[in-house]
Amino acid sequence: MNSPAAHFSLHGRDDGLNPGDVLLDVRNVSLAFGGVKAITDISFDIRKGEIRAIIGPNGAGKTSMLNVINGFYHPQQGTISFRGEARRRMQPHAAAASGIARTFQNVALFKGMSTLDNIMSGRTLKMHRNFFWQLLHVGPARDEEIANRRKVEEIIDFLEIQHIRKTPVGKLPYGLQKRVELGRALAMEPDLLLLDEPMAGMNLEEKEDMSRFILDVNDQFGTTIALIEHDMGVVMDISDRVVVLDYGRKIGDGTPDEVKNNRDVIDAYLGVPH
Amino acid sequence: MDVLYTIFIDPFVQMAEAPDFLLQVVWEGFVAGILYALIALGFVLIYKASGVFNFAQGIMVVFAGLSLVGLHEMGVPALLALIMAIGVMAILAICIEKFVMRPLVGQPDIILLMATIGMTYFLIGLGEFIFGGEPKQMITEELGLPTGSTAFEMDNGGLVILQHIDIAAAVIALIMVGGLAVFFNRTRIGRALRAVADDHTAALSVGISLNQIWAIVWFAAGIVALATGIMWGARSDVSFALEIVALKALPVLILGGFTSIPGAVIGGLIIGIGEKIGEIYWGGLVGGGIESWLAYMIALIFLLFRPQGLFGEKIIERI
Amino acid sequence: MSASDSAGGMPVTFPQYLLLNAERYAGRPAMRFKDLGIWQTWSWAEQRDEVRDFALGLRALGLREGERIAIVGTNRPRLYWAFAAAQSLKAVPVPVYSDAVAEELAFVLANAGVRFAVVEDQEQVDKVRSMAERLPGLEQVIYDEPRGLRDYDHAALRHFADVQHLGREAIAADAAVLESWTEGVRASDGSEVSAILYTSGTTGQSKGVVLTAARSVRAAESTANFDRLTADDEVLAYLPLAWVGDHYLNYAQAYVSGLCMSCPESPETVAENLREVGPSFYFAPPRVFEGLLTSVMIRMEDAGPIKKRLFKHYLAVAKKYGEAVLEGRSVPLRGRIAYALGDLLIYGPLRNILGFSRIRVAYTAGEAIGPDLFSFFRSLGVNLKQLYGQTEAFLYVTCQEDGAVRADTVGPAAPDVEIRLSDSGEVQFRSPGMFTGYYNAEEKSREVLTEDGFIKTGDAGVFDADGHLKIIDRAKDVGKLRNGALFAPKYIENKLKFFPDVKEVVAFGDDRDSVCVFLNIDLTAVGNWAERNNISYASYQELAGLPRVYEMMREHVTQVNRDLAQEPSMAGAQIRRFLVLHKELDADDGEVTRTQKVRRGFVAERYAPLIEALYDGSSEKYVETEVTFEDGRKGLIKATVKIADAETFETAQPVREAAE
């Protein structure tokens, strides 16, 4: 008989990279909107298997950085290399196809759809059977649907959201919506997971839950994670390395301890004028 | 008293006295309703996926019909012309996506509405330039659609006459609605469509290409337009006048809700049947011509009581 | 050869029943569990194999006869298998509440001296490990759910499946192992201890109730017969695993009758799973029924006008004829037709929504149930009955028979149970499943057992004319006001709690001049009322303090006083003053037990300033209260609690003597 505990793997593709190799390399990237500079000449890298935090005060350019990485914005200068391939302009759906998944600061879910459908939508790129098969809902398309549904159920189990499987996400409290959004990103089996303030607006308990999920994802599936977070305490606890931005520039980079003792970082956070 | 009698009593007496005639009226209304429904369907598709109220749906119907007939007139065999007309709608969809939607993405809805109004005039011009402004005869027989009619004798000796083409229209409409419902609910692209309809940013982040989806929706709306064009053309002719009739879809949408496929169908039927009955039995009161505005009246009254439309809001599911 | 051969008759232990069921019901479902969105099913034969593999694994790890093994977690198949596996080795399962904090958990594990613990997941593993130094005797921890445990040191930690694997290896290495296990099970005469259940007592540390195999089996058999349970019955195991109710109703009755037990997907999905499973036997404490009624009513508030009218109309029909139809009494034809129509339109769909469509027998117990609430479910066609039970009895002391059901009694003695009232009015009983004593607590056992072998329940009760028992309060809580009037706090509290917007009540009055009460409002019901009336509030505290909420509560208190005035023996104990507490009574703060029973003494001590204010005539009082959050942190909440006066009534002339 089936055992209650499922064998569960959501590892990304085997790309020949070993843990510690550079997965994403950001080189001298600058981004401006009209005359306003959002990001100025920033370089850093994200290594395979790590949890990388991007922190900084409000308006430091953190979300812009994330939007550059997943193709929402196109930088005027600099290059971004993902798994060694450099790119200048990339559409978001192409970024998704290459293995980058993300969540959003203000939760971007399909509010009218159920939790299940939302997470299923993360499987879009994993389903290839053409549409006539799908119309008929038989044969290979059906098998494909079942296989994908199973993956999604594993994620639902992992995130402990069985009870809201069929609930339209628009009706869910914020904390759970954040979890569903994480689920949808996980369903993409990404190589790089970008989390934009995953704990924003959460209470302490929800934050702890979310931290645990992030650590578990990183630990169990080996997913590389880059996250933006406001809550310094949480960031220092869960990340391996931290990049600090301020006014669109990089002012610090290193392990949490190194960053904590960095003079510029302390100044930026204490609001010392430049 | 007399007025009350003519409004509230007389029409029903008439209906009761000549049920065969009533049935004929209802059937006529039903067929008109199906055509309204088809047009509304085109609106719904595009509105669902992009939130754009596509003012050009009416002209797309005309344009599709003209392409088909025009190609045939140029000597293309009917079935090949049909396939080519589908191709024309595909090209149109891709062009709209590339030159209208993509540059305007993220703009307020009103801008997109204006763009579709612009598109309407562009298509009128383009159609007249290529195919001329004269009304054309639909190539019904060449397409293998049935002609002729069947008469049913009623108990009281009256006759109800059903045009075969109308029956065909009903069947084709049914198939299209069924097909679209399956498409939306069962396929990956359907799910992607719903995703796009719900939240653009989120859809992008899971790897859905907005451009591709929009092209597909406009193409689907084009196919619906082509079917509408053929059916409508077969009943009268293919002319730019049709564009005005297409505005009847507005009350249908108000009734059925802007995002509901079944709503479009039922709304279409209510409007179609309602306005025919209104015209025949009550039209005389105001000197006729009721048909041209009754639909809007019905919609207006409806708006007062259920602004979200018949199916605009999800009915609470009983588990 | 069947299991019954060896013991000369019917099985006398649960593992013997397991072997028997694996033969007589081999392919029939024994256990279901929803995993990854799909219901998985194990037949009795498969369940036997799961249990056997785990038992042999435990034996390979060194578990021996008489040793204790803790089981901690929510309702999951593997944890239930752990019970049978331990029992098959004559080891003793000791279930612990999964929401027990580390301290409580450590107390039970240390008190029972467990060598092994089978736990659900990382959370429980962490709890056990955090208490490691207090548990030197604990050697192995076995977990069901591996998530998050990958990087833990596995020296003394194993996955359930790995233990089963050990068991299968043992069989593969030597086929005689299998035989010896089966023989071991069959050889038992049922005199061994089959479980130690720790009570979550209202006072002090919990005590381990020692139950023996043959007695437990005997008790389960007699009630399974009483309610005619068969292998066709279905239950949903959602009650706390460590509670006697779950162990008896789901585990014990399942084994003796062969019925199928389903485990919910997670504690949050119980309502949904209930609908899917459609159990035929169901138990829930009154507060669950109360919650269901509240949610139904709230849903109807939001329904359309036609639906609402239909609902109201047919509810009235049900009230008039429903119970009579259920009990097969004579009903006029018109009533029958109306009820049948109502069943089609309202009751049927409603039962379906609640997951009650297939219920044949439902019980409630634990505390008094409001008569209206009780009748509501019965009139819908749910055969809801009451029972009165105790852990020490291995559950049943009294229970109601189909057709002889009443809201205000708990029924006559259950099959094979003897009941009597002591001179002081305390209920005492002797039952087939009764315990042999508290574990490692001779002294306490002697306190509870009478010389002639009856168990003192500590509950005060009376028998009515038909021999039905009526529980009025805890014997020690029944007191007197200074003017000599009888004061049964629970009686008063229950009357107030029957109002849907009152969640909890604590009454004071023993050795005082008058009766005063603390109230907890029901956040769902009152919150919904506030929403409908466009009253905004940010927290429980704010809602509880609203003048309009106080007004509502005052009406309830007035109504209760009016009722009390009608009862000659209770009329002296009308409520003079009340207050609405600024926080909900919470098990994490120790104010209620894990089974939601108020710890009266503790509450009185904790809120002493408020009680003082109730009696000194002040109209409000500022207090600071320490609270424990779910993650174990402590905090302080501050509030100025208002105190209100209540209307009291003249004692009614005694019209007739109350039935003895």
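This dialogue explains how to read several features of a predicted model.

User: Which conventions apply to the model and its numbering?

Analyst: The model is predicted, and local features need pLDDT of at least 70, side-chain atom pairs count only at pLDDT 80 or more, and totals for chains, interfaces and linings use all residues. Residues are numbered from 1 along each chain as its sequence is written, while chains are lettered from A and ligands numbered from 1 in the order in which they are written.

User: What span does helix H4 of chain C reach, and what is expected?

Analyst: Helices (H or I, at least four residues) and strands (E, at least two) are DSSP runs, numbered from the N terminus. The expected span of a helix is 1.5 Å times one less than its number of residues. H4 of chain C (residues 77–88) has 12 residues and reaches 17 Å from its first C-alpha to its last, close to the expected 16 Å.

User: How many residues of H4(C) are buried?

Analyst: A residue is buried if 20 or more other C-beta atoms lie within 10 Å of its own, exposed if 12 or fewer, and partly exposed in between, with C-beta atoms placed from the backbone. In H4(C), 12 of the 12 residues are buried, including Arg78(C), Trp81(C) and Gln87(C).

User: Where in chain C is Lys90(C), and what is its phi?

Analyst: Lys90(C) lies in the loop between H4 and strand S4 (92–96) of chain C. Its phi is positive, about 60°, although Lys90(C) is not a glycine. Lys90(C) counts as buried because 20 or more neighbours are required and it has 22 C-beta neighbours inside 10 Å. Leu36(C), also not a glycine, has a positive phi of about 50°. Leu36(C) is found in the loop between strand S1 (29–35) and strand S2 (38–43) of chain C, and with 20 C-beta neighbours inside 10 Å it counts as buried.

User: What is the strand order of the open sheet of 5 strands in chain C, and which strands stand at the edges?

Analyst: Strands of a sheet pair through backbone hydrogen bonds, either parallel or antiparallel. Here two strands pair if DSSP finds at least two bridges between them. The order in chain C is S23-S24-S25-S27-S26, with mixed pairing. Strand S23 (502–508) and strand S26 (620–628) of chain C stand at the edges, each with a single partner strand, so one side of each has no neighbour in the sheet. The twist averages 30° from one strand to the next. Strand S24 (residues 515–521) and strand S25 (residues 575–580) of chain C run parallel and are joined by 5 bridges; Cys516(C) stands opposite Arg577(C) in S25(C).

User: Which strands does helix H17 of chain C touch?

Analyst: Residues are in contact if their C-beta atoms, placed from the backbone, lie within 7 Å. Axes are lines fitted to C-alpha atoms, for helices over the stretch in contact, and angles run from 0 to 180 degrees between N-to-C directions. Helix H17 (residues 489–497) of chain C packs on the sheet, touching S23, S24 and S25 of chain C, and its direction makes about 155° with that of S23(C). Helix H22 (residues 608–616) of chain C lies across S23, S24, S25, S26 and strand S27 (634–645) of chain C, running at about 160° to S26(C).

User: How far apart are the centres of the two domains of chain A?

Analyst: Domain bounds come from an automatic or database domain assignment. For chain A this gives domain 1 (19–99 + 190–274) and domain 2 (110–189), and their C-alpha centres lie 27 Å apart.

Conventions:
Two residues are in contact if their C-beta atoms, placed from the backbone, lie within 7 Å.
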